[in-house]
Amino acid sequence: MSSSLRHDCDVLIVGGGAVGSALACALAELPLDTVLVEAHEARTLEQPSFDARVTALANGSQQILAALNLWPDLKGYTEAIRAIHISERGRFGAARIAAAEERVPALGYTVENQALGRVLWERLQRAPRLTVLAPAKVLTLDLHEHAATGTIEQDGRRFEVRAKLAVAADGARSALRAALGVSVTEHDYEQCAVIFNCATEAPLAGRAFERFTPRGPIALLPLTGGRAAVIWTLPAAEAEVIAALPEPAFRDELQTVFGQRLGRFTRIGARHIYPLARIASGALHGQRAVLIGDAAMRLHPVAGQAFNLALRDVATLAEVIADALLGASAATPADIGAPELLERYAAWRAADRQRVSIFTHGLIQLFGEAVPGFGMGRGLGLMAFDLLPGAKALLARQTMGKAGRLPRLARGLKLL
């Protein structure tokens with residue numbers, strides 16, 4: 001960044017987490033000047049540990065990272081999910097999805113967040129037309145017909161960044177979304193996720209488990225080193241009490257809920273608690289600005305769809321911009337913040353957002369219903385589902401991020 005009081009660029013990205021960084025990597029493939037503003041310092045990441053947090057990547061998300069040449073750098077930090085087992089505690093019937101049946105190497109992968117963050121930031125450092133401001137914050141954002149102008153503060157200095165397009169990638173409580181005046185609808189599930197890593201007597205061996213219980217779902221995902229990641233959803237009033245139990249009592253509670261399918265839980269890592277809500281933005285764009293990731297929609301963690309939905313935001317926005325650049329000429333240069341371009345992005349994303357939101361919210365409502373006789377119906381439904389190839393294929397496509405119209409990156413293709 002020059003010492004002048006104003007910097008002009010094509011795209012201003014607010015938020016340098018995994019979603020904002022992934023968009024910056026995608027835009028680095030295009031002839032654009034991008035500024036990325038992140039509130040936290042990009043510190044050297046810690047070495048991987050037993051308690052490393054992870055993200056579930058759908059098959060389509062792996063394709064996006066591969067198309068951006070990021071996947072090879074994640075070697076050694078990912079674990080393939082080759083089968084998913086879905087069941088309800090205390091009920092007969094289960095559903096199983098297998099990669100072999102879908103003719104794919106894996107339904108998805110888990111990746112350590114530290115490794116993903118490091119690979120993204122290392123790639124950003126090599127992007128010649130990208131400027132990263134971290135730690136820094138956007139104090140104000142003025143949106144006009146021809147430009148978005150942000151007032152940035154960094155190291156006690158204030159200056160302006162003027163862009164054709166501003167992108168909100170600053171999370172579920174997005175300050176940029178608030179500045180746009182975009183409304184949100186919020187559904188508080190009155191639940192919390194207790195998240196931790198563990199080890200089990202029998203290895204997961206590439207299997208993921210989603211088990212529904214009267215108090216909420218519990219998911220186990222395979223990790224590198226024979227570990228498992230656990231996302232245990234509990235009523236908010238109970239989550240802190242259970243998470244604070246001494247390890248033997250906590251292990252017993254976990255064993256009772258999950259059962260003996262993997263034998264004993266032999267090691268329990270550090271536990272973290274997160275409140276759960278679905279937060280949906282009333283619009284995906286405003287004048288010279290667009291929302292992606294959690295700034296557009298935060299989901300319940302059931303089925304692990306949130307980051308995958310966000311990566312499809314990234315891939316779609318990058319493709320819409322790339323197509324505008326391809327169709328430009330000296331006489332009619334591309335305007336990447338034009339209303340018609342942002343409307344095209346919003347229209348493309350609408351069906352996917354609605355489909356995933358209904359899918360995740362519906363699972364919680366369906367398996368949280370305690371009407372007498374309803375549980376038996378769910379068990380029969382799971383059994384029937386497991387015997388119907390067409391139904392399994394539909395769920396597999398949703399789980400793998402392959403449903404609906406896919407952007408080029410999600411099909412493993414380059415932007416240009």
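How many bridges join strand E13 (residues 207-212) to E14? I looked this up and found 3, with the two strands running antiparallel.

**Ground rules.** I am working on a predicted model, in which local features need pLDDT of at least 70 and side-chain atom pairs count only at pLDDT 80 or more, while totals for chains, interfaces and linings use all residues. Residues are numbered from 1 along each chain as its sequence is written, and side-chain values use heavy atoms, with hydrogens and water left out. I take helices (H or I, at least four residues) and strands (E, at least two) as DSSP runs numbered from the N terminus, and I call two strands paired if DSSP finds at least two bridges between them.

**Whole chain.** I count 11 helices and 20 strands in the chain. Buried residues (under 20% relative accessible area with a 1.4 Å probe and protein chains only; exposed is over 50%, partly exposed in between) make up 54% of the 416 residues. Among contacts (heavy atoms within 4.5 Å) with a separation of 6 or more, 74% link residues 24 or more positions apart.

**Entry on E14.** Returning to strand E14 (residues 218-222), I note that 5 of its 5 residues are buried. Ile218, Leu220 and Pro222 lie on one side and Ala219 and Leu221 on the other, so that both faces are covered. Towards E13, Leu220 is the bridge partner of Phe209; the hairpin of E13 and E14 has 5 residues between the strands, and Gly216 in the turn has a positive phi of about 145°. Towards strand E15 (residues 227-235), I find 5 bridges, again in an antiparallel arrangement, with Pro222 standing opposite Ala228. The E14 and E15 hairpin has 4 residues between its strands, and there Gly225 takes a positive phi near 70°.

**Entry on the open sheet.** I then traced an open sheet of 3 strands in the order E3-E7-E4, paired antiparallel. Strands E3 (54-58) and E4 (78-81) stand at the edges with a single partner strand each, so one side of each is left without a neighbour in the sheet. The twist averages 25° from one strand to the next. E3 is joined to strand E7 (residues 108-112) by 5 bridges, and Val54 has Glu112 as its bridge partner in E7. Helix H4 (residues 113-125) packs on the sheet, touching E3 and E7, and its direction makes about 80° with that of E7; for such angles, axes are lines fitted to C-alpha atoms, for helices over the stretch in contact, and the angles run from 0 to 180 degrees between N-to-C directions.

**Entry on H1 and H4.** The axes of helix H1 (residues 18-27) and H4 come within 9 Å and cross at roughly 35°. Ala18, Ser21, Ala22, Ala24 and Cys25 in H1 meet Leu116, Leu120, Trp121, Arg123 and Leu124 in H4.

**Entry on the cores.** Which residues touch the most other members of the largest nonpolar core? Of its 80 residues, I list Ile13, Leu27, Val167, Ile292 and Ile321; such a core is a set of buried Ala, Val, Leu, Ile, Met, Phe, Trp, Tyr and Cys residues joined through side-chain atoms within 4.5 Å. Helix H8 (residues 306-326) supplies the largest share of this core, 10 residues. Leaving aside neighbours within four places in sequence, Leu27 is in contact with Val11, Ile13, Leu32, Thr34, Ala318 and Ile321. A second, separate core of 22 residues includes Val194, Ile218, Ala228 and Ile268.
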